[in-house]
Amino acid sequence: MEIDRKAFLDSLGGADGVKRMDAEARADALENRMMSELNSAVTAKKYPTAAEVEAQIETRPYRAGAGFLIVPRAGGNVKKLPPMPANPTLQDYFRLRFNDTANHVLQSANLAMKNGMSEEIVLACLLHDVVQEIMRTDHGWWGAQLFEPYVSEKVAFAIRYHQALRYYADPSVGYEYPDLYRELFGADYVPPPYIEATYQMVRKHKWYMEPRMVAVNDLYAFDPNVVVTIEPFLDIIGRHFKQPKEGLGNDGSPVAHMWRTISRPDQPL
Ligand SMILES: [Fe+2]
Ligand SMILES: [Fe+2]
């Protein structure tokens, strides 16, 4: 750490003041100064403003809402994807397509399980962000739609509304506004009116705690050193996820095209 030499000397009464101090007093003064500068460096971590975040838009060749299968975070050229089985299951999508989101949602589901959440909340955690492979904007709504034909209404509710609840603290369950959002949206960001209205509606809903618990278990689920597999969740998937026998994407459901998009993101039309 570098300290401002002149400011430091001035604070001790200039060169004359320093001369009057013994070696120990000088060492103490230096240590105090370094500690206080370190503290202010930590507390003043600078987040961008919402205007600065907006100014980043025209610095990129893509839009931030694009999914990770479409525009990978890593940059550089994309890789050819492995073929999907004829009748793909949710596990096949985890194995072959949810490359960017699987670890995060598995960690989140793992945490929810450790925290003794219901099987429906664990499943919602397991599914809550995977739609970000194709679409990040409004991913709560897109995600709920992707899974709606195959899960209970409560699970779809938890997925849909976890997105809006992420912006609102709930001290009763120890949920704080995430620093990640200060970084992503800007320190002075105010969510748009539809997010605020959604929050107000969900806050009064009898199922409020379902999406709230997804948000709670989501927050701490970004540990790059923890690798969780899908095996511990297979029973829950078996009990709460209706796998179509034709395979996801082939079942003629209103969302089959979304699964096919995940399956074949290189298809130009
Ligand atoms: Fe999310
Ligand atoms: Fe998440």
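User: What volume does the largest pocket have?
Analyst: This is a predicted model. In it, the largest pocket has a volume of about 1400 Å³.

User: Which residues are closest to its centre?
Analyst: The lining has 43 residues. Closest to the centre of the largest pocket are Ala64, Gln132, Arg136, Leu184 and Phe185.

User: Which helix gives the most to that lining?
Analyst: Helix 10, with five residues. Helix 10 spans 179-185. Other helices that each supply at least two residues include helix 4 (50-55), helix 6 (102-114) and helix 11 (193-204).

User: And how does the lining of the largest pocket split by class?
Analyst: There are 20 nonpolar, eleven polar and twelve charged residues.

User: What about the second largest pocket, how much space lies there?
Analyst: About 310 Å³. Its lining has 17 residues, and those closest to its centre are Phe68, Leu69, Pro72, Val78 and Lys79. By class, that lining has eight nonpolar, four polar and five charged residues.

User: Why does the pair His128 and Asp218 tie together parts that are 90 residues apart in sequence?
Analyst: His128 lies in the loop between helix 7 (119-127) and helix 8 (139-147), and Asp218 in helix 12 (residues 209-219), so the pair links parts 90 residues apart in sequence.

User: Are those two buried or exposed?
Analyst: Both His128 and Asp218 are buried.

User: Which residue bridges the two iron ions?
Analyst: Asp129 bridges ligand 2 and ligand 1, and these iron ions lie 3.8 Å apart.

Key: Residues are numbered from 1 along each chain as its sequence is written. Chains are lettered from A and ligands numbered from 1 in the order in which they are written. This is a predicted model: local features need pLDDT of at least 70, side-chain atom pairs count only at pLDDT 80 or more; totals for chains, interfaces and linings use all residues. Side-chain values use heavy atoms; hydrogens and water are left out. Donors are N, O and S atoms within 2.8 Å of the metal (3.2 Å for Na, K and Ca); water is not among the atoms, so sites may look incomplete. Helices (H or I, at least four residues) and strands (E, at least two) are DSSP runs, numbered from the N terminus. Buried means under 20% relative accessible area, exposed over 50%, partly exposed in between (1.4 Å probe, protein chains only). On a 1 Å grid over the protein atoms alone, a cavity is a set of points where a 1.4 Å probe fits but cannot get out, and a pocket is an open set with protein on both sides within 12 Å along at least five of seven lines; lining residues have an atom within 4 Å of a point. Grid points are joined across faces, edges and corners, and a volume is the space filled by probe spheres set on the points. Ala, Val, Leu, Ile, Met, Phe, Trp, Tyr, Cys and Pro count as nonpolar, Asp, Glu, Lys and Arg as charged, and the others, Gly among them, as polar.
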